[in-house]
Amino acid sequence: MILEKINSPKDIKNLSQAEMEILSEEIREGIIKRVNIIGGHLGPDLGIVEATIAMHYVFDSPKDKFVFDVSHQIYPHKMITGRKEGFLNPEFYSKISGYSNPAESIHDNFIIGHTSTSISLATGLAKSRDLKNEKYNVIALIGDGSLSGGEAYEGLNNASILNSNIIIIVNDNEMSIAQNQGGIYKNLELLRKTKGKAENNVFRALGFEYLYVEEGNNILDLIQAFKETKGTQKPTIIHIHTLKGKGFEKAEIEKERYHWTLPNFLDNKQPKEQQENYDTITTDFILKKKANDSTIIAITPATPGVSNFSFDFREKMGANYTDVGIAEEHAIAYASALAKNGAKPILAIMSSFVQRTYDQLSQDLALNNSPATILIYWGGISSADATHLCTFDIPLISNIPNIVYLAPTNKEEYLAILEWAIEQNEYPVAIRVPFGEYISTGIKDQTDYSKLNKYKIHQKGKEIAIIALGNFFELGKQTAKEIEKRLGIIPTVINPIYITGIDEKLLKDLEKDHKIIITLENGVIDGGFGEKITRFYGTSNIKVLNFGGKKEFTDRIPLEVLYKKYHLTKELIVEDILKYL
């Protein structure tokens, strides 16, 4: 086995072509094995194997600096740089992340999990190198849709005038996470058709030297191209045409489905028919609205899988659907303008990715008070890696003026809020789509959500009140039962719904017969919902205990461990209450 002999990039340099071909297949086998057991990015990593081997054969990492965009394409690099056991031995899987991480290896230069950053980061590395009069290559690998992100354009714009060594490898596998979107990909298509010879070349127009490699999975062609550019003193683009999913037939054919997979994908012959859940009721709702209203438009920033915007849904929506590419900032401004001009946009975005949109949320959306609907998916404390945490959306969104942010707790509330959000024209409305257990009361929600910040009393009690937001409403009810069982007190249980405001009348009424207020939120506490309640009671005798996540970056820590750490179990919450009674 060739891979057994590869412990660092230096070992690549001694291989023959035949050995490198064998190594390519062994790396693919390791990727498929790992991803099938723990899940992860499959298609993009399978497609970049030969290019990674060639990069390490020609360049000299860690002296030469590699920056991997999004980290969708970093598995082969990890296997070559001393971390192969994280792909070959299940005992080591959890010790190696799926993303670029300097704590793991000197061959990784940054923690990277979000898109379109590699060119900017590489430009900074190159500029600092020049300031110190050092000599080495800086290589950014970008692709898999990352060129549609705004920072990629900003990076290209500045890298092109660096006037020194920076090499940008554009991995053109003809895909993003879903299909490519945007004008730059039309130019990439033209360049592929003309084998890089088209006069209309966006990279040359920006000032880059340009080299095209048609066989981007041919090791010898790649080695030749990399040797030609090694040591260059001009900003250079190497455009390589690769096959996403190479070596795994299903991933080659169904590129979107196999971009990223859950564990045991090899055993899943056909996607299981989905039972009703928050994703399916959302798409069903949007389709019904669109059938009667031509101004309804659904939007995704290149991540239709997050919101279950399936092929069938997209086809039925037709012109009433836009995938803006990996461009969340544009998505917010686009939705704002659509709403301002009389359309009814519904933008679906993953909580972790909304972090890139703060300025657009504030300036383009909220300041203009555009009545767009923003659906925030997967919000909550999770066991994800540090780059994909979804715990920060509450403080980020809820403290921007004009935006109304709501957290429904069940199907009926969610659909009623979604209907109100789309049809009202007074505010930008964000909805934290319920995440986790699917809950339906079977009773249509008749709440008038235009009366802002009116909390719902689920259970009237005394002494202790539990204000449990969104996904943690069920935890609030369980905690109430535990309090009654252990303390003999029937607490008040409140479903606040509104993240962006407080029900001052209800909170004032609680002062009459309550001593302790508990707040529960499935996200970071600092700047969050609970602090609004604490601030309200600041001058009173009421004791407020806020429960939620700590302001920190966690990395692949099991959810049950985090819940215990943050005291987010009914037993630990009651123990904390006892300290103050």
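## Ground rules

Residues are numbered from 1 along each chain as its sequence is written, and side-chain values use heavy atoms, with hydrogens and water left out. In this predicted model, local features need pLDDT of at least 70 and side-chain atom pairs count only at pLDDT 80 or more, while totals for chains, interfaces and linings use all residues.

Helices (H or I, at least four residues) and strands (E, at least two) are DSSP runs, numbered from the N terminus.

Two packed helices are described by the angle between their axes and the distance between the axes. Axes here are lines fitted to C-alpha atoms, for helices over the stretch in contact, and angles run from 0 to 180 degrees between N-to-C directions.

Take helix α1 (residues 17-38) and helix α3 (residues 49-58). Their axes come within 9 Å and cross at roughly 125°. The two helices are therefore oblique to each other. Angles under 35 degrees count as roughly parallel, over 145 as roughly antiparallel, 65 to 115 as roughly perpendicular and the rest as oblique. The crossing of α1 and α3 is right-handed (the near helix is turned clockwise from the far one by less than a right angle). On α1, the contact (heavy atoms within 4.5 Å) uses M20, L23, S24, I27, R28 and I31. On α3, V49, E50, I53 and Y57 take part. By class, this contact has seven nonpolar, one polar and two charged residues. Ala, Val, Leu, Ile, Met, Phe, Trp, Tyr, Cys and Pro count as nonpolar, Asp, Glu, Lys and Arg as charged, and the others, Gly among them, as polar.

## Helices α14 and α15

Now take helix α14 (residues 328-340) and helix α15 (residues 358-366). Their axes come within 9 Å and cross at roughly 15°. These helices are therefore roughly parallel to each other. Their crossing is right-handed. E329, I332, A333 and S336 of α14 meet Q360, L361, D364 and L365 of α15. The contact residues divide into four nonpolar, two polar and two charged.

## The six-stranded sheet

Strands of a sheet pair through backbone hydrogen bonds, either parallel or antiparallel. Here six strands form an open sheet with parallel pairing, in the order β9-β8-β10-β11-β13-β12. Two strands pair if DSSP finds at least two bridges between them. β9 (321-323) and β12 (404-406) stand at the edges, each with a single partner strand, so one side of each has no neighbour in the sheet. Neighbouring strands are turned by 20° against each other on average, direction ignored.

Look at strand β13 (residues 429-432). Three bridges join it to β12, and Y405 stands opposite A430. Four bridges join β13 to strand β11 (residues 373-377). There, R432 is the bridge partner of I376. Both faces of β13 are covered. V429 and I431 on one side, and A430 and R432 on the other, are all buried (under 20% relative accessible area).

## D60 in its loop

D60 lies in the loop between α3 and β2 (65-68). D60 is partly exposed, with a relative accessible area of 31%; that class lies between buried and exposed, which is over 50% (1.4 Å probe, protein chains only). D60 touches K13 and K230, not counting residues up to four places away in sequence. D60 and I422 are 362 residues apart in sequence and 55 Å apart in space, C-alpha to C-alpha.
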